[in-house]
Structure formats: C-alpha cells, structure tokens
Amino acid sequence: MIRKYSTTLHGHRTSFSLEPAFHDELKRIADARAMPLAALLREIDDTRGVEGNLSSALRLFVLQWLKQRAGDAPLN
C-alpha cells in the first residue's frame, strides 16, 4: 500500500507517495550516511531531473543504493 509523506524542501512544504518499504529504506540510508532524512530528501530532490516526480526519484535512488551496496552497479 502506498502512503503519502510530507516534508519541507528549500522552505516549502511538499509531499510524496511511497510504499512504506521504500520510506524505511530511505531512513536506513540516511542513518548509514549519518544525516537526517530531510537532508537526504533534499539531496535527491536537488539531483533529480526536471522530468519525473519526487516519488519516482526516491524509488530510483533506493534501487541504485541497494544495487551499489550489492556490487551490481556503480554509485552515480
């Protein structure tokens, strides 16, 4: 089931929709990088292209992170 989450990016409120498993993994990644979840979300938002939405960018980031950790793909 997809849930809606809210955050503040660069001073404005926004929301994104994710499955809880993706949100949990984003929290684990932020912990592994010793940064707040909000900072990780800002970083992902800042590096995503203009095409595509934040929810998709977050899912793709988690996928890339897990692939990199498994040794299957280089980290961008």
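**View 1. Glu25 and the residues that Glu25 touches.** Leaving out residues up to four places away in sequence, Glu25 touches Val62 and Leu66, where contact means heavy atoms within 4.5 Å. Glu25 has its place in helix α1; helices (H or I, at least four residues) and strands (E, at least two) are DSSP runs, numbered from the N terminus. With a relative accessible area of 18%, Glu25 is buried (buried means under 20% relative accessible area, exposed over 50%, partly exposed in between, with a 1.4 Å probe and protein chains only). The side chain of Glu25 also makes a polar contact with the side chain of Arg28, at 3.0 Å. A polar contact is a pair of N or O atoms within 3.5 Å; within protein, one must be able to donate a hydrogen and the other to accept it, and residues adjacent in sequence count only if both atoms are side-chain atoms.

A word on the model: it is predicted, local features need pLDDT of at least 70, side-chain atom pairs count only at pLDDT 80 or more, and totals for chains, interfaces and linings use all residues. Residues are numbered from 1 along each chain as its sequence is written, and side-chain values use heavy atoms, with hydrogens and water left out.

**View 2. Helix α2 meeting helix α3.** The axes of α2 (residues 37-47) and α3 (residues 54-69) come within 10 Å and cross at roughly 105 degrees. That makes α2 roughly perpendicular to α3, a label for angles of 65 to 115 degrees (under 35 is roughly parallel, over 145 roughly antiparallel, the rest oblique). Axes are lines fitted to C-alpha atoms, for helices over the stretch in contact, and angles run from 0 to 180 degrees between N-to-C directions. Here Leu40, Leu41, Ile44 and Asp45 of α2 meet Leu54, Ala57, Leu58 and Phe61 of α3.

**View 3. What covers α2.** The buried residues of α2 are Ala39, Leu40, Leu41, Ile44 and Asp45. Their cover includes β1, β2, α1 (20-32) and α3.

View 4. Strands β1 (residues 3-9) and β2 (residues 12-18) run antiparallel and are joined by 7 bridges; two strands pair if DSSP finds at least two bridges between them. Thr8 stands opposite Arg13 in β2. The hairpin has 2 residues between its strands, and His10 in the turn has a positive phi of about 55 degrees.

**View 5. Gly11 in the loop.** Gly11 lies in the loop between β1 and β2 and is exposed, with a relative accessible area of 70%. The C-alpha atoms of Gly11 and Phe22 are separated by 24 Å, with the two residues 11 apart along the chain.
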